[in-house]
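This report is meant for a reader who is meeting the structure for the first time. Please keep the sequence and the 3D view at hand while reading the sections below.

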Amino acid sequence: MAWFDKAMKSVQTTAGKTAFEADKLVRTKREEGVLSDAQKRVQAKLAELGQAALALYRSGTLSDPSVAALADEIVSLEAQVQQQREKLEAIHNEQYQPAGQPAAAAEPEVAAPVAATEPEPAAPAVAAVVDVPTVAATIECPNCHTEVKSTVTFCPECGNRLK
């Protein structure tokens, strides 16, 4: 009978420990969700603050040199975004041309992205000092969409492997 009592005690201990660990996991996930929501709200408020600072800078009310450098980077990035939108639109407008069919209708649409990309070499030459560090400075985590330094291997927010 002692062995049965020992086995029952072991089962009860294991069940208790398993229940504790399951409860701990549930509480951890809940708190991680609360933390994630809070971090997202902070990021949203930082974005609002950035928009407000940029508006003040553009209106001439704010004239800090660090804001000027960031505003120049934003202008450069906005130009890149516009170029990418144009490229994407050109791709969306492409039409299938069967082999052997004249591609006259497709030629201008294929040529449009080339024309849109020709200014690219000129843009970095004008803002090379600002543009190159920005591209290498941060990336977006594909899992949680957090802006992270491009030199990190894992996302500090969600732990997703970036490289």
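## Overall build

Of the 163 residues of the chain, 12% count as buried, where buried means under 20% relative accessible area, exposed means over 50%, and partly exposed covers what lies in between (1.4 Å probe, protein chains only). This is a predicted model, in which local features need pLDDT of at least 70 and side-chain atom pairs count only at pLDDT 80 or more, while totals for chains, interfaces and linings use all residues. Residues are numbered from 1 along each chain as its sequence is written, and side-chain values use heavy atoms, with hydrogens and water left out.

The secondary structure of the chain comes to five helices and two strands, and from the N terminus on these elements run in the order α-α-α-α-α-β-β. Helices (H or I, at least four residues) and strands (E, at least two) are taken as DSSP runs and numbered from the N terminus.

## The start of the chain

Met-1 lies in the segment before α1 (2–59), and with 79% relative accessibility Met-1 counts as exposed. Together with Trp-3, Phe-4 and Met-8, Met-1 makes a nonpolar surface patch of about 550 Å². Such patches are made of residues with over 30% relative accessible area and no salt bridge, like charges being joined within 9 Å and nonpolar side chains (Val, Leu, Ile, Met, Phe, Trp, Tyr) within 5 Å; the accessible areas come from the Shrake-Rupley method with a 1.4 Å probe, and for residues only the protein chains shown count as cover.

The structure also holds one aromatic pair. The rings of Trp-3 and Phe-4 have centres 6.4 Å apart and planes at 25°, so this pair is stacked; rings of Phe, Tyr and Trp (its six-membered ring) pair if their centres lie within 6.5 Å, and planes under 30 degrees apart count as stacked, over 60 as edge-to-face and the rest as tilted. Trp-3 is exposed, with a relative accessible area of 65%, whereas Phe-4, at 44%, counts as partly exposed.

## Salt bridges

Four salt bridges are found in the structure, each defined as a side-chain nitrogen of Lys or Arg within 4 Å of a carboxyl oxygen of Asp or Glu. In one of them the side chains of Glu-32 and Lys-29 meet at 3.5 Å, N to O, and because these two residues are three residues apart in helix α1, about one helical turn separates Glu-32 from Lys-29. Glu-32 counts as partly exposed at 40% relative accessibility.

Glu-48 forms a salt bridge with Lys-45, with the closest N and O atoms 3.5 Å apart, and this pair is likewise three residues apart in helix α1, which means a separation of about one helical turn. Glu-48 is partly exposed at 45% relative accessibility, while Lys-45 is exposed at 52%. A further salt bridge joins Arg-58 and Glu-78, whose closest N and O atoms are 3.3 Å apart; the pair links distant parts of the chain, with Arg-58 in helix α1 and Glu-78 in helix α2, 20 residues apart.

## The largest pocket

The largest pocket has a volume of about 1,200 Å³. Of the 31 residues that line the largest pocket, Gln-43, Leu-46, Ala-47, Thr-146 and Glu-147 are the closest to its centre. The elements giving two or more residues to this lining are α1, α2 (65–93) and β1 (138–140), and the largest share, 14 residues, comes from α1.

A pocket is found on a 1 Å grid over the protein atoms alone, as an open set of points where a 1.4 Å probe fits, with protein on both sides within 12 Å along at least five of seven lines, and lining residues have an atom within 4 Å of a point. Grid points are joined across faces, edges and corners, and the volume is the space filled by probe spheres set on the points.

## A loop residue

His-145 is placed in the loop between β1 and β2 (147–149). Although His-145 is not a glycine, it has a positive phi of about 65°, and at 53% relative accessibility His-145 counts as exposed.
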